[in-house]
Amino acid sequence: MHKTRASRAQIFQSFDALKGFREILKEKERIIVPKKILSEDDLAELDYKIHQVKIGMIIQITYYDNGQYIQIDGIVSKLNLETKIIQIVKKKVDLQSIYSINF
């Protein structure tokens, strides 16, 4: 009796005996860094840049999230200064967690 290609391929699929173990190791390897405190001048410059941002602009931001700094590039799809949220493509970021903005 011949096995189908799909059933033969199943034999060679990787087997993860310790499901989730790799994710736990990856999380343990992550180095948590403290959030940097910006000076008054840096905060003023960042505030100025935030007010220059317009929907449709391509920008790069660095923000602090969950013990690490993350840098993303993309098109600003939403900006709400009242709720303090900026959305770059599909990623929403709290304006208070932004460390730097580049146009």
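The model is a predicted one, in which local features need pLDDT of at least 70 and side-chain atom pairs count only at pLDDT 80 or more, while totals for chains, interfaces and linings use all residues. Residues are numbered from 1 along each chain as its sequence is written, and side-chain values use heavy atoms, with hydrogens and water left out.

I start with the overall layout. The protein chain has three helices and five strands. Helices here are DSSP runs of H or I with at least four residues, strands are runs of E with at least two, and both are numbered from the N terminus. Along the sequence the order is α-α-α-β-β-β-β-β.

The protein chain has 103 residues, and 20% of them count as buried. Buried means under 20% relative accessible area, exposed means over 50%, and partly exposed lies in between, with a 1.4 Å probe and protein chains only. The accessible surface is about 8,600 Å², with 56% of it on carbon and sulfur atoms; such areas come from the Shrake-Rupley method with a 1.4 Å probe, and for residues only the protein chains shown count as cover. Of the contacts with a separation of 6 or more, 48% are between residues 24 or more positions apart, a contact being heavy atoms within 4.5 Å.

Next, the strands. β2, residues 68-80, pairs with β3, residues 85-88, in the antiparallel sense over four bridges. Two strands count as paired if DSSP finds at least two bridges between them. Within this pairing, V76 stands opposite I88 of β3. β3 is also joined to β4, residues 91-94, by four bridges, and these two strands run antiparallel.

Which residue in β4 is the bridge partner of Q87? That partner is K92. Q87 itself is in strand β3 and counts as buried, because its relative accessibility is 11%. Leaving aside neighbours within four places in sequence, Q87 contacts I75, V76, S77, K78 and K92.

Most residues other than glycine have a negative phi. The hairpin of β2 and β3 has four residues between its strands, and among them K84 takes a positive phi near 60°. K84 counts as partly exposed, since its relative accessibility is 38%. The hairpin of β3 and β4 has two residues between its strands. V89 is partly exposed, with a relative accessible area of 47%.

Last, the largest pocket. Its volume is about 330 Å³. A pocket is found on a 1 Å grid over the protein atoms alone, as an open set of points where a 1.4 Å probe fits, with protein on both sides within 12 Å along at least five of seven lines; lining residues have an atom within 4 Å of a point. Grid points are joined across faces, edges and corners, and the volume is the space filled by probe spheres set on the points.

How many residues line the largest pocket? There are 18, and L43, L46, I50, L95 and Q96 lie nearest the centre. Helix α3 (40-52) and strand β5 (98-102) each supply at least two lining residues. The largest share, five residues, comes from α3. By type, the lining has eleven nonpolar, three polar and four charged residues. Nonpolar covers Ala, Val, Leu, Ile, Met, Phe, Trp, Tyr, Cys and Pro; charged covers Asp, Glu, Lys and Arg; the others, Gly among them, count as polar.
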